[in-house]
Amino acid sequence: MPTTTRSDLLLPAEPGQRALARELYALAAQQPIISPHGHVDPALLAEDRPFPDPARLLIVPDHYLTRMLLSQGVPPAELGVPTVDGSPTETDGRLVWRRFAAHWHLFRGTPSRLWLEQTFHDVFGVTTPLSPATADAVYDELAARLAEPEFRPRALFTRFGIEVLATTESPLDDLGQHAKLAADGWGGPGGRVVTTFRPDDVVDMEFDGWAANVDRLAEVAGVDTGTYAGYLDALRQRRAAFVAAGATSSDHGHPTARTLALSDAEAAALYDKGRRGAADAADAEAFRAHMLLEFARMSLDDGLVMQLHPGAVRNHNRWLHARHGRDVGGDVPQATEYVHALAPLLDAHGNDPRLTVVLYTLDEDTFTRELAPLAGGYAALRLGAPWWFLDSPEVLRRFRETVTETAGFYNTAGFVDDTRAFCSIPVRHDVARRVDAGFLARLVAEHRLPADEAAETIVDLAYRLPRQVFKFGEHS
C-alpha cells in the first residue's frame, strides 16, 4: 500500500493523481488568503484582546457544534450558549469542554470534526487526539497557547497570511470598529479588514423589529425614512459610508432568489403598508424581491458587488429561536428556484458587465440544472462556492464536477469561509484548496488539461479569482 502522510489530507487515493495533486496543492498553499464573505466580529481585531478560554472560543459560538449536540438532547444552555431572557447557562469553560468531548463521536465523518482537528493541529500545534479521556489535557494545551502573545487575534491574522478579511455589518452599524482599525493603521502586514453591507434587517419586513430598524436607519443616515423615496436615499447614504470604510460588496440573505420589478408607486405602497404593520407574508416577499432590483441599480452607481445568499428557512426550530435567539443553529435549507426568480433582474441588468452578482445556494440540485447555465450565459453572474450546510469536501468536489462543464472555472468566484470562527479561516481555505488540487489533478491524469494550465488554474481559484471578482485589487 502506498505511504500517505497528513500532508495528503483529502488528496486523491490513486497514487498517480495524488502525486499531481501534491504539486498543485503546493502552489495553492503559497497563496495569501482572500476571505470575501464571513461573520468575524471586527471588534476581535480592533481590540486585539486575548481569546477567552477554549470552550468560549471554539464551542459556544459555533452553531455547527451546538446544533449537533442539541440533536442528541443536549440543550445549548449546557454548552454555554446565552439565552434571550438572561436565564442561567453554563459558565465554566472546562465543564462545557468536557461535555462536548463526551459527545465527540457524534462528529465522525463531518466537516466540523475535520475543521476542528485541523485547527487544533495547524493553528495551535495540539496533536493529542480529542476524546472524553483526553478532554482536560487538550483543554489545558489550548489554554496555554491562548495565553501567549503569538495567539492574539492580530498576530494570528498575520500568521494566517490573510490579505483581505471581509466582515459583515448592518446599515445600522456605525462602523466604529472599522474606524478604530483604520485609525490604528492596521490591517496586518500586507493585509486589510473591510466591511460588507448587509441590509436584511431594514429590508425584510418579516425581520424582528423591521419598522423600528427603519426608524433607526433614519437616525444613522440622517435622512427621513417616512417615505419610500427617503428610505432609498437613506440606504444610498449608508452604502456610501460603507464604501468609504472599504466595502467592496453587499450581501443579501433572502429566503428565496425572487426578484421583481415594481413601479415607484407600487413599491411605495408596499413600503407604506409595511410601516403601518399591515403587510402580510406575500407583501414582504414582494418587497424583498423588488429591493434586489433597487440594490442592483445602486451597485451600478457605487460599484458594490452583490452577493445573494437565498434558501434558508430561518429559525425553523422555534423553541431554539425563542430561547436563544437568531443564528444559533435553528435554520434549515429549502429547495430554491433561480431561473424564473432571477429573470426580472437579469432582464434589466444581466448583460451589463458593470454589475457583478455572486450567487450562492443551499440546494445543490441547482448546480447543474440552473446555476451553471445561468452563470455561463450572463455577464453579470458569478457562482459562489458551496456554503453553510454544503461547506464540505464532498459538496466542494461535486460543485467542481457539476458546474465546470457548463460555467467553466472563470465564472466562479473562489472560496468563501462564511465563518464566525476566526481560527478556522485558514483551515477552511486549506480544505477548499486541497479539493481543487484533487479535481485538477484528475483532469491532468485524464489528459483533459495540460499540467501547466492546471498550475495556473489552481492559483486563480485560490487567489486571483476572488481578488478580481470582489474588486479587492482596485483598492490596494
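**Helix packing and salt bridges**

The crossing of helices H13 and H14 is left-handed, a term used when the near helix is turned anticlockwise from the far one by less than a right angle, clockwise being right-handed. Before I go on, this is a predicted model, in which local features need pLDDT of at least 70 and side-chain atom pairs count only at pLDDT 80 or more, while totals for chains, interfaces and linings use all residues. Residues are numbered from 1 along each chain as its sequence is written, and side-chain values use heavy atoms, with hydrogens and water left out.

Back to the two helices. H13 covers residues 264-275 and H14 residues 281-302; their axes come within 10 Å and cross at roughly 130 degrees. Axes here are lines fitted to C-alpha atoms, for helices over the stretch in contact, with angles running from 0 to 180 degrees between N-to-C directions. Helices (H or I, at least four residues) and strands (E, at least two) are DSSP runs numbered from the N terminus. At that angle H13 is oblique to H14, since under 35 degrees counts as roughly parallel, over 145 as roughly antiparallel, 65 to 115 as roughly perpendicular and the rest as oblique.

Which residues of H13 and H14 make the contact? H13 supplies Asp264, Ala267, Leu270, Tyr271 and Lys273, and H14 supplies Asp283, Ala286, Phe287, His290 and Glu294, where contact means heavy atoms within 4.5 Å. By class, five of these residues are nonpolar, one is polar and four are charged.

Next, salt bridges, meaning a side-chain nitrogen of Lys or Arg within 4 Å of a carboxyl oxygen of Asp or Glu. By that rule the count is 33.

Glu294, part of the contact on H14, forms a salt bridge with Arg297, with closest N and O atoms 3.4 Å apart. Both residues lie in H14, three residues apart, about one turn of the helix. Glu294 is buried at 6% relative accessible area, whereas Arg297 is partly exposed at 33%. Buried means under 20%, exposed over 50%, and partly exposed in between, with a 1.4 Å probe and protein chains only.

Asp391 pairs with Arg428 in a salt bridge, at 3.9 Å between the closest N and O atoms. Asp391 sits in the loop between strand S9 (381-383) and helix H18 (393-407), and Arg428 in helix H19 (residues 425-445), so the pair ties together parts 37 residues apart in sequence. Asp391 is buried at 4%, and Arg428 is buried at 2%.

Note on methods. Nonpolar A, V, L, I, M, F, W, Y, C, P; charged D, E, K, R; others polar.
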